[in-house]
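Dear colleague,

Please find the structure below, together with its sequence. My notes on what was found in it follow.

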Amino acid sequence: MAQRKTSTPPPRAWQRMLSGRRLDLLDPSPFDIEIEDIAQGLARVARWNGQTLGEHAFSVAEHSLIVERLCGELEPSWAAKWRMAALLHDAPEYVIGDMISPFKSALGFDYQAFEAKLERAVHTRFGLPAQLPRYVKTTIKKADRLCAFFEAVQLAGFSVEDAREFFGKPPLGLRVDIPVRSTAEVQGDYVARFEALLLAMDEEDRPAGRKAGRP
């Protein structure tokens, strides 16, 4: 007598967020992405695999706030949407965590494709182009490496020489003080900065003559 074959259910490929959203990890929908979930995750993801000085872990959310601020210094005339892109540049890590660069390289294309799919969904959700212009990506990457240099020297035990070798030499006179703050404080600041940039984006998108304060 032939035995009946039993089908194995497919593995679960979604994650339930605290907002109640179910995010499909293989095919993320912009409709299932909320800034509160991103802030919650990034404020709890440690940079440098947690190998940093201080009472608290140095989080991806804090790093993102600094990178966005550095982009404003590098490009003072930037539109708010590009500042928003800088704030969200590591947003996929609220789902996949922060992997150090050598490990990302070892994982190769599959990891990068997954990260890019999540990034496109985040951009679409918050009114950014799915693919950022090259000059915007280049500036964000420059700010990211500048931030990493100061993190490495101040928190991660790198010598200045080693940090220059891996992340480049910062411009003469530039110094960034890297704070180490509590999760709750960083999370709150991340959401507040997002909301401020969202208002600025809305203001920039209004037709001429209909800016705030005008009839």
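Please keep in mind that this is a predicted model. I begin with a group of rings: Trp-48, Phe-158, Phe-166 and Phe-167 make up one aromatic cluster.

**Aromatic pairs**

Searching the whole structure gives seven aromatic pairs. In one of them, the ring centres of Trp-48 and Phe-167 are 5.9 Å apart and the ring planes stand at 85°, so this pair is edge-to-face; the angle needed for that label is over 60 degrees. Where do the two partners sit? Trp-48 is in the loop between helix H1 (35–42) and helix H2 (60–74), whereas Phe-167 belongs to helix H8 (residues 160–167), so the pair ties together parts that are 119 residues apart in sequence. Trp-48 has a relative accessibility of 17% and therefore counts as buried, since buried means under 20%.

Phe-126 and Phe-194 also form an edge-to-face pair, with 5.0 Å from centre to centre and 70° between the planes. This pair links distant parts of the chain, 68 residues apart: Phe-126 is in the loop between helix H6 (109–125) and helix H7 (134–154), and Phe-194 is in helix H9 (residues 183–205). Is Phe-126 buried or exposed? At 7% relative accessibility, Phe-126 counts as buried, and Phe-194 is buried as well, at 4%.

A charged residue also meets a ring: Arg-22 lies over the face of Trp-14, 4.0 Å from the ring centre.

In soluble globular proteins, nonpolar side chains tend to be buried together. Here the largest nonpolar core holds 58 residues, and the members that touch the most others are Ile-38, Leu-88, Ile-140 and Tyr-190. At least two residues of this core come from each of H1, H2, helix H3 (80–87), helix H4 (93–96), H6, H7, H8 and H9. Which helix gives the most to this core? That is H7, with nine residues.

Leu-88 may be worth a look on screen. Apart from neighbours within four places in sequence, Leu-88 is in contact with Ile-35, Val-122, Phe-126, Leu-128 and Tyr-190.

**A proline in a loop**

Pro-133 is located in the loop between H6 and H7. With a relative accessible area of 26%, Pro-133 is partly exposed, because that value is between the limits of 20% and 50%. From Pro-133 to Trp-82 the C-alpha to C-alpha distance is 9.6 Å, while the two residues are 51 residues apart in sequence.

Yours sincerely

Terms used:
Residues numbered from 1 in each chain as written. Predicted model: local features only at pLDDT ≥ 70, side-chain atom pairs only at ≥ 80, totals over all residues. Heavy atoms only, no water. Phe/Tyr/Trp six-rings, centres within 6.5 Å; stacked < 30°, edge-to-face > 60°. Helix = DSSP H or I, 4+ residues; strand = E, 2+ residues; numbered from the N terminus. Buried < 20%, exposed > 50% of the residue type's maximum accessible area, 1.4 Å probe, protein only. Lys NZ or Arg CZ within 6 Å of the ring centre and 35° of its normal. Core = buried A, V, L, I, M, F, W, Y, C linked by side-chain atoms within 4.5 Å. Contact = heavy atoms within 4.5 Å.
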